[in-house]
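Work through the exercises below with the sequence and coordinates open. Each task is followed by a stepwise solution.

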Amino acid sequence: MGLFDKFENITASLNVIEQQCCAFFNIIIEEILSATEAVINGRRVILAGTNNYLGLPLRKECKEAACRAIEKEGTGTTGSRMANGTYSSHVALEQDISDFYGRSNTIVFTTGYSANLAMLSTLVGPKDIVLLDADCHASIYDGCRLGGVQVYRFRHNDVDDLEKRLKRLRKQDTNILIVLEGLYSMLGDRAPLREIASVKEEYGAYLLVDEAHSLGVLGNRGRGLSEEAGVEDAVDFIVGTFSKSLGSVGGFCTSNHKELEIIRYASRPYVFTASSSPANIAAAKAALEIIRREPQLRERLWENADALYGRLKEMGFRVGPEPSPIIPVRFEEVARAFSAWNRLLDQGVYVNMVLPPATPDGTALLRCSLSAAHTMEQVEKIAGAFSAVRDFE
Ligand code: PMP
């Protein structure tokens, strides 16, 4: 039995995949042409699968802020937040995020992945219980594993199932943390947050919401689903990432629990990794400022999302349960998804392909994500490419 024998299944799947679609795992963005276009395999394509919801990675203000930070502070911090990796810019961004959400305390982490890893491995431990939505992101599952908390899953977006488990598990001296996402990254649907918040209050549990895909996308001020649903006071912890609407790299947790500060001292993913670079911090800070002052970006994003969702639905594709900037197109057979994905690329449209077991219900997904930077003409082109794929089938 060799070290690599355990990867036999993956190797076999890769061989099948490569026969059908050699480019899939080797997609290289050869050149970025704009927020919505790139060169892939030597040809110009529309990017419709990048989580670049607001088009900010190429915004002048964000690029200039990042360049200034590099000039002033260099390319990396070469240290963890706990040692020499906390610059005044990290602290200033924490203050900005606290102000944005109207909360007392914020911790900035190196990525959204490490924010979840840190929070779930440290906030709760073996004596506590986490009740999580079955469709939660891998970083949430990994954080739970790292800290050894008892984990129970409830069915995706099923409040009755959550309540049933709360009833069964409630014990004195056991803290229960409910964990879910605002906008789900695969199906693009919202959590029923108002109902969950009320169940949470009834059972005296805590609530953590990962707003990775909803920051800058939902709510009057872009604060996410908690704001849109009007239940911000019931949400104890909001986790987010800089890697989507903010167009940078980094993550955070914000809360009104002042004890959040303790996490800095107790959390391995905070202590044992280098902090986010000065350029990433500066870009995220500039992007947050744009989200605050340009609500019209959110409106543009939703116009595009509604338009593409409507067109794909009209064509008879199996899309997600509600209009959203994340639009999954579902295929029962993996081979058909591969063929559609290849054809879309041939038509000049790039979307994400997501395969089981990463998908919620075992189907293969072509996952589209829209941006405020897409023009309506580009949205039409994306719809046109899907229409050509459907006609071929
Ligand atoms: N949470 C969710 C819901 C995500 O979709 C992602 C990224 N795909 C993350 C956390 C991790 O964020 P990051 O890319 O900043 O590590």
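**Exercise 1: strand pairing**

Task: find which residue of strand 3 is the bridge partner of A38, and describe the pairing around it.

Solution. A38 has V45 as its bridge partner in strand 3. Strands are DSSP runs of E with at least two residues, helices are runs of H or I with at least four, and both are numbered from the N terminus. Two strands pair if DSSP finds at least two bridges between them. Strand 2 (residues 37-40) and strand 3 (residues 43-47) run antiparallel and are joined by four bridges. Their hairpin has two residues between the strands, and N41 takes a positive phi near 50° there. Strand 3 is also joined by two bridges to strand 12 (residues 349-350), and these run parallel; I46 has V349 as its bridge partner in strand 12.

The model is predicted: local features need pLDDT of at least 70, side-chain atom pairs count only at pLDDT 80 or more, and totals for chains, interfaces and linings use all residues. Residues are numbered from 1 along each chain as its sequence is written, and side-chain values use heavy atoms, leaving out hydrogens and water.

**Exercise 2: overall fold**

Task: compare the radius of gyration with the value for a compact globule.

Solution. The radius is taken over C-alpha atoms, and the globule rule is 2.2 Å times the number of residues to the power 0.38. For 393 residues the rule gives a value near 21 Å, and the protein has 21 Å, which agrees. The C-alpha trace spans about 60 × 55 × 55 Å along its principal axes. The secondary structure comes to 14 helices and 14 strands.
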